[in-house]
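Keep the structure open as you read.

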Amino acid sequence: MKPDPQKSKKELVEASRSLRNRTAETGSLKERLKTVEKSYHELQNRYEELSRTYEQNCFENGHTEETLSMAQVIINSSPAILFRRTAGDEHRLVYVSDNIRQMGYTAEEFLNEKVNFQDIVHPEDLERVGNEIWSYKDKDVEEYTQIYRLLTKTGDVRWVEDQTSVVRDTDGVKTHNQGILVDITDKKVAEGHLRKSEEKFRRIVETTVEGFILMDGNLVIMDVNDAFCRMLGYSREEMLGKTPLDLATVEFKQFMLANKEALLSRERRVLEGSLVARGGHHVPILIHGNTLKDDQGNVIGNMAFVTDMTESKKTLALASEVQKSLLPQGKPMVKGFDIAGKNVSCDEIGGDYFDFLWQHDSRKGPFSVVVGDISGHGVDSALLMTTARAFLRMRASQPGTISDIITAMNRHLTRDVLDSGMFMTLFYLTLDPGNRSLEWVRAGHDPAIVYDPGRDQFEELKGQGVALGVNGAFDYKENGWSGLTDGQIIAIGTDGIWEAVNKEGEMFGKDRFHNIIRSNSKAGASDILNSVFSELNRYTHGQKSEDDITLVIIKVDGLV
């Protein structure tokens, strides 16, 4: 600014002071402007933050509303009805979900008290339900479950499961009870059907004449029926907690212990044995056992039906005695031969057969040994065996070769059994000590064997021929073998020997059979025979054979 030459010095001083004051005011305004700008920016940032928070809250509120809306849809579509009532003496309902309509009512009807909850409880359950609620209240129970019936608006009956819990305020004061009602009508109907089914089968088990045992996985008896109690003379309480081993005879117990693993590996099993009754007498039984499993295949126990075989055994024992009387009763005395035979049936009576015959009723001529095996075993096989024996003995007493005898027998037997499907294998062996020779006919039977200890060699007496009863027109041919010497052993057996199995299911086999004969070749015929049966019993652990067993041992002795 240029000085004004017209102004005095004083005026210039004032003008200068005024200018400085304005300059100072301008600086102050600048500082205030800075402060305002700072405040503005702070407000703007806060605004932006609040805007973001507001937007987030709006989003979350919208999501919550959507979630609540979805939850409501789920609840309304669910069979579970939600409720809440006050915890006071009146138990006033303050909330019930809209899906109460599945009972034919609306939520408003309950909330407006046009319908009270106790009005829809089945009259027969109402008192019980009320007493239970007051009992839970007195005991201060936090959660409880009730099962009762409700009446729909149309009068139908529905079973519900009521799961209730207690609600308390921050001071621990009980304010409400809330929970859910689940319709379990279908479950109750299914339980009813199951209960009736169980009752029906329980009546069947209790009224059957067969004994019944229910056991756990360790074979501990959990239940028995009256028939089983009567069978052994014990009460139900005396049997519970025992196992079948505690009731078994010594022999049957040993058998079950030796074969326990194999028996339990089968889902179904059939076996015979004997139990000891209260009086100490033995009761023969037939057991049909099953392993019980759950729907996941896990073993949960065992059950068995037990049949008292006492009367059947008496009848079969009589038949067995008759059948055994038809077998040779002692060792035949034949010069040059030591002969022994034995038959063991898998049942009381069987279809195996052996016989000793002198042709033409002369005990000085050729001597014959016959071993036969009827298909199957049991009563029908035993009857056919008896018929075959009678015809064979009759025909053998008449003139003719052994091939004539077997051919005639086949024609006779075929007429009797062709339609039944049964048949008979047979080995007919004739010993001629004078000529040191053998003749035989093999009708479908396993070959007899000849063991020569001097050469340590086995030979089979083979030959062609179908089983008897299959083809009535077949003509059988005889076979011959000469050169018998002392010490040789002839064995004629049925397949029940080498097809016997141990508890692992392994067959006895012909090699094992040959080894017994070899190792006992210096013994007599009876000792060799007994050695075979003893080894069979040891190998099978006394397990009952599934087929009849017959064996004849002939040792050449004294031909020189």
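A salt bridge here is a side-chain nitrogen of Lys or Arg within 4 Å of a carboxyl oxygen of Asp or Glu. The model is a predicted one. By that rule the count comes to 20 salt bridges.

Start with Lys 331. Its partner is Asp 338, and their closest N and O atoms are 2.7 Å apart. Lys 331 is partly exposed, at 41% relative accessible area. Asp 338 is buried, at 17%.

Now turn to Asp 140, which is partly exposed at 41%. The side chain of Asp 140 meets that of Arg 168 in a salt bridge, 3.0 Å from N to O. Asp 140 sits in the loop between α4 and β3 and Arg 168 in strand β4, so this pair ties together parts 28 residues apart in sequence. Asp 140 also meets Lys 174 in a salt bridge, at 3.3 Å from N to O. Lys 174 lies in strand β5, so that pair joins parts 34 residues apart in sequence. Arg 168 is partly exposed at 31%, and Lys 174 is partly exposed at 23%.

Elsewhere, salt bridges form a network that links Glu 124, Asp 125, Arg 128, Glu 132 and Arg 149.

What does a buried Arg 442 do without a salt bridge? This residue belongs to strand β15. The nearest side chain of opposite charge, Asp 446, is 6.0 Å away. Instead, the Arg 442 side chain reaches the backbone oxygen of His 445 at 2.4 Å. A polar atom of that side chain also lies 2.7 Å from the backbone oxygen of Gly 463.

Note on methods. Residues numbered from 1 in each chain as written. Predicted model: local features only at pLDDT ≥ 70, side-chain atom pairs only at ≥ 80, totals over all residues. Heavy atoms only, no water. Helix = DSSP H or I, 4+ residues; strand = E, 2+ residues; numbered from the N terminus. Buried < 20%, exposed > 50% of the residue type's maximum accessible area, 1.4 Å probe, protein only. Lys, Arg positive; Asp, Glu negative; His and termini not counted. Polar contact = N/O pair within 3.5 Å; in protein donor to acceptor, adjacent residues only side chain to side chain.
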